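Hello,

Here is the structure I promised you. Please open it first, then read my notes below.

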Amino acid sequence: MAINQDVEELIIMGDSDLILQQAQGEWKTRDVKLIPYMQHVEDLSKRFMSVELRYIPRFHNELADALATLASMLPYPGDVDIDPLEIQIRERHGYCHTVEVEPNVQPWYHDIKRFLKTKEYPKQANGDQKRTIRRLANDFFLSRKVLYKRTPDLNLLRCVDAEEAERIMHEVHVGVRGPHMNGYVLAKKILEQVITG
């Protein structure tokens, strides 16, 4: 794309120090599958007046990470021109807006957990609501004080309240539970945390 736009000076920023060092020739590429790619990068680099490679740690590379996730979800339209993206930078991450912690409010699974524990319904529940609670309870499993939801493949997902969900998402996103990753892998990591919790 840069060649087609007649770019002469190119700055490439990446979060893989290994790949950047190999592309600069500082480190040798030993994997035979990667050698043709490195040769292609070298050939393309000759078409620019200058090419600078910069290492950006992943935790400083959130915008590129989000764009990579977006790009992986959309099919390439072929020879069609792609309109430029307009990006708005918010003060907070999107996930910060998804969980609202309300003080002194029971978690979303309270009625199901109560039914599994005591076979009691909420006092204000009518017949339809009681049937719904019974039907929903079939997909849940109570182990001591912890409620799990059964998945079709027989995994158990630990039910968490809004406060714990926000804590888990924050820890996974900032890398407390391992390195930062793309959107799909990040969602899987959060689910693993909830499953194994």
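Why does Leu 70 count as partly exposed? Because its relative accessibility is 33%; partly exposed lies between buried (under 20% relative accessible area) and exposed (over 50%), with a 1.4 Å probe and protein chains only.

First, the ground rules. This is a predicted model, where local features need pLDDT of at least 70, side-chain atom pairs count only at pLDDT 80 or more, and totals for chains, interfaces and linings use all residues. Residues are numbered from 1 along each chain as its sequence is written, and side-chain values use heavy atoms, without hydrogens and water.

Now the layout. The chain has seven helices and five strands. These are DSSP runs, numbered from the N terminus: helices are H or I with at least four residues, strands are E with at least two. From the N terminus, the order is β-α-α-β-α-α-α-β-β-β-α-α. Of the 197 residues, 21% are buried.

Back to Leu 70. It sits in helix α3 (residues 62-73).

Next, the inside. The largest nonpolar core has eight residues: Tyr 109, Ile 112, Phe 115, Ile 133, Ala 137, Phe 140, Leu 147 and Cys 159. Helices α4 (110-118) and α5 (127-137) each give at least two residues to this core. Such a core is a set of buried Ala, Val, Leu, Ile, Met, Phe, Trp, Tyr and Cys residues joined through side-chain atoms within 4.5 Å. Beyond its neighbours within four places in sequence, Ala 137 is in contact (heavy atoms within 4.5 Å) with Ile 112, Phe 115 and Leu 116.

Best wishes
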